[in-house]
Amino acid sequence: MRHRQSSLVYVIVDVAQRRGQTALRLPGYRRAPMVYADLPPDDRGRLWIEPLHVWLGVQNQHVVCYDTTGVSIGDHPDLQAAPATAEQRIAALETKLRRLRGELP
């Protein structure tokens with residue numbers, strides 16, 4: 001008999017309306033031997049997603065991924081712009097270094 005692999009973690013993005021306010025909630029579950037057990041949030045309300053090594057949380061009514069140090073990973077447009085931003089910063093630092101070395105006026 002072939003065993004079908006199932007997911008180790010489930011997270012639901014629950015949108016709740018209360019008193020005219022929208023609130024996001026992230027109930028999470030992890031696979032246990034016989035059932036799925038609650039995945040408890042940390043003291044900041046974030047869930048540790050072990051297979052991905054990321055924290056998942058809510059900030060300003062958006063779901064946000066955080067790295068292992070707690071720094072926001074950013075969304076797709078941020079990640080696409082990161083290389084160009086880094087190259088601009090490197091070019092500015094190289095120019096500053098040349099000036100400090102006296103290579104530029």
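Biologist: Where is Val63 found?
Modeller: Val63 sits in strand S8, which covers residues 62-66. Please keep in mind that this is a predicted model, and that the values I quote are computed from it.

Biologist: Is Val63 buried, partly exposed or exposed?
Modeller: Val63 counts as partly exposed, because its relative accessibility is 38%.

Biologist: And which residues form a nonpolar patch with Val63 on the surface?
Modeller: The patch on the surface is formed by Val13, Val15, Val58 and Val63, and together these four valines have about 290 Å² of accessible area.

Biologist: OK, stepping back, how many helices and strands are there in the protein chain?
Modeller: The protein chain has one helix and eight strands. Reading from the N terminus, the order of the elements is β-β-β-β-β-β-β-β-α.

Biologist: What share of the residues is buried?
Modeller: Of the 105 residues in the protein chain, 16% are buried. The chain exposes about 8,800 Å², and 55% of that area is supplied by carbon and sulfur atoms.

Biologist: How many aromatic pairs does a search of the whole structure find?
Modeller: The search finds two aromatic pairs.

Biologist: Are Tyr10 and Tyr36 buried or exposed, or something in between?
Modeller: Tyr10 is partly exposed, at 43% relative accessibility, and Tyr36 is also partly exposed, with a relative accessible area of 32%. The other pair is made by Trp48 and Trp55, whose rings are tilted, with 5.1 Å centre to centre and 55° between the planes.

Biologist: Why does Trp55 count as buried while Trp48 counts as partly exposed?
Modeller: Trp55 has a relative accessible area of 18%, and buried means under 20%, whereas Trp48 has a relative accessible area of 24% and is therefore partly exposed.

Biologist: What lies over the face of Tyr66?
Modeller: That is Arg46, at 3.5 Å from the centre of the Tyr66 ring.

Biologist: Let's look at Val54, then: which residues is it in contact with, leaving aside neighbours within four places in sequence?
Modeller: Val54 is in contact with Leu47, Trp48, Ile49, Tyr66 and Ile73 once those neighbours are set aside. Val54 itself is part of strand S7 (residues 54-59), and it counts as buried because its relative accessibility is 13%.

Biologist: And where is Ile73 found?
Modeller: Ile73 is in the loop between S8 and helix H1 (76-101), and it is partly exposed, with a relative accessible area of 34%. Ile73 and Trp55 are 18 residues apart in sequence, while their C-alpha atoms are 9.7 Å apart in space.

Biologist: New topic, how many salt bridges does the structure hold?
Modeller: The structure holds two salt bridges. One joins Arg25 to Asp14, with the closest N and O atoms 3.2 Å apart. Arg25 lies in strand S3 (residues 21-25) and Asp14 in strand S2 (residues 14-18), so this pair ties together parts that are 11 residues apart in sequence.

Biologist: Which residue forms a salt bridge with Asp42?
Modeller: Arg44 does, and the closest N and O atoms of that pair are 3.4 Å apart. Arg44 counts as exposed, at 52% relative accessibility.

Biologist: One last thing, what is the phi of Arg19?
Modeller: The phi of Arg19 is near 50°, which is a positive value in a residue other than glycine. Arg19 lies in the loop between S2 and S3, and it is exposed, with a relative accessible area of 87%. Asn60 has a phi near 50° as well; it is placed in the loop between S7 and S8 and counts as exposed at 66% relative accessibility.

How values were computed. Residues are numbered from 1 along each chain as its sequence is written. This is a predicted model: local features need pLDDT of at least 70, side-chain atom pairs count only at pLDDT 80 or more; totals for chains, interfaces and linings use all residues. Side-chain values use heavy atoms; hydrogens and water are left out. Patches are made of residues with over 30% relative accessible area and no salt bridge: like charges are joined within 9 Å, nonpolar side chains (Val, Leu, Ile, Met, Phe, Trp, Tyr) within 5 Å. Accessible areas come from the Shrake-Rupley method with a 1.4 Å probe; for residues, only the protein chains shown count as cover. A salt bridge is a side-chain nitrogen of Lys or Arg within 4 Å of a carboxyl oxygen of Asp or Glu. Helices (H or I, at least four residues) and strands (E, at least two) are DSSP runs, numbered from the N terminus. Buried means under 20% relative accessible area, exposed over 50%, partly exposed in between (1.4 Å probe, protein chains only). Rings of Phe, Tyr and Trp (its six-membered ring) pair if their centres lie within 6.5 Å; planes under 30 degrees apart count as stacked, over 60 as edge-to-face and the rest as tilted. A charge sits over a ring if NZ of Lys or CZ of Arg is within 6 Å of the ring centre and within 35 degrees of the ring normal. Contact means heavy atoms within 4.5 Å.
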